[in-house]
Amino acid sequence: MKLRALTPEELRRAYGTDLKEAFPPSELKPLWAMEDMRARGVYDPLGLFDGTGEAMGYILLWKHSDGRYILIDYLCVPSGRRNGGIGGQLLREAAGYYPRDTVFIGESEAPTENPDADGLILRRLGFYARNGAKTLGYDTALFGVHYKTICWADPMPDEKEILQKHQEIYLRQFSRERYDRYIQIPLPPGARPGPASSWIG
């Protein structure tokens with residue numbers, strides 16, 4: 001299998017099928033936003049393809065302007081291919097796609113203390129931990145949703161630097177007013193997430 005950049009048509013097709021199936025509307029950026037970010041050179045939508053050219057999964061990456069820090073925006077395995085190790089392979093392939101000193105940041109929904117919701121949330125966190133993610137010492141809240149912050153890097157940078165780069169990725173996309181209203185990086189311990197909103201809200 002090979003990881004490569006999606007063509008514009010492949011991105012549109014993946015968005016309309018697998019991404020929409022995997023993520024609720026409140027968590028999925030508009031397609032036009034992905035296309036705009038890609039045109040500005042800060043977004044890499046990648047697909048993992050088998051030998052016949054069929055997509056096995058996707059990893060969509062949002063890059064800091066320095067090129068070294070990369071936020072994992074979406075990791076998606078089509079519903080019929082889940083639980084077969086493809087998610088872990090996507091992470092490994094992405095690590096090999098970029099220079100060795102690349103720092104990958106992830107945001108995975110934090111447990112809510114609601115047993116009905118937390119099963120899937122804890123399984124996701126466990127998946128990332130099994131695949132080498134380190135849970136950082138700060139949480140985030142984005143558009144009203146609380147996330148644990150995770151990271152892959154070798155060597156691991158100072159956490160203050162990771163935090164700064166994480167903030168800057170969002171600050172370069174949103175106005176200061178919108179950032180201050182909807183983006184909490186970090187989310188102070190004990191604080192509640194701000195108001196819920198969509199990407200374009």
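1. A pocket here is an open set of grid points with protein on both sides within 12 Å along at least five of seven lines. The model under review is predicted, and its largest pocket holds about 1,200 Å³ of space.

2. The lining of the largest pocket is made up of 39 residues. Those nearest the centre are Ala22, Phe23, Leu75, Arg124 and Tyr128. By class, the lining comprises 20 nonpolar, 10 polar and nine charged residues.

3. Which elements each supply at least two residues of the lining of the largest pocket? They are the strands β4 (69-76), β5 (103-109) and β7 (145-152), together with the helices α3 (86-97) and α4 (115-130). Of these, α4 gives the most, with six residues.

4. The second largest pocket has a volume of about 310 Å³. It is lined by 17 residues, and Leu91, Ala95, Phe104, Trp152 and Ala153 are the closest to its centre. The lining divides into 11 nonpolar, three polar and three charged residues.

5. For the second largest pocket, β3 (55-63) and α3 each supply at least two lining residues. The largest share comes from α3, with five residues. Helix α3 also supplies at least two residues to the lining of the largest pocket.

6. Nine aromatic pairs are found across the whole structure. One of them joins Tyr97 and Tyr98, whose ring centres are 5.1 Å apart; their planes meet at 65°, so the pair is edge-to-face.

7. Tyr98 has a relative accessible area of 11%, so Tyr98 is buried. The cut-off for buried is under 20%.

8. Tyr170 and Phe174 form a stacked pair, with 6.4 Å from centre to centre and 10° between the planes. Tyr170 counts as buried because its relative accessibility is 3%. Phe174, with a relative accessible area of 11%, is buried as well.

9. Tyr170 and Phe174 also belong to a cluster.

10. A charge and a ring come together at Arg4 and Phe49. The charged end of Arg4 sits over the ring of Phe49, 3.9 Å from the ring centre.

Technical notes:
Residues numbered from 1 in each chain as written. Predicted model: local features only at pLDDT ≥ 70, side-chain atom pairs only at ≥ 80, totals over all residues. Heavy atoms only, no water. 1 Å grid on protein atoms, 1.4 Å probe; cavity = no way out; pocket = protein on both sides within 12 Å on 5 of 7 lines; lining within 4 Å. Points joined across faces, edges and corners; volume = space filled by probe spheres on them. Helix = DSSP H or I, 4+ residues; strand = E, 2+ residues; numbered from the N terminus. Nonpolar A, V, L, I, M, F, W, Y, C, P; charged D, E, K, R; others polar. Phe/Tyr/Trp six-rings, centres within 6.5 Å; stacked < 30°, edge-to-face > 60°. Buried < 20%, exposed > 50% of the residue type's maximum accessible area, 1.4 Å probe, protein only. Lys NZ or Arg CZ within 6 Å of the ring centre and 35° of its normal.
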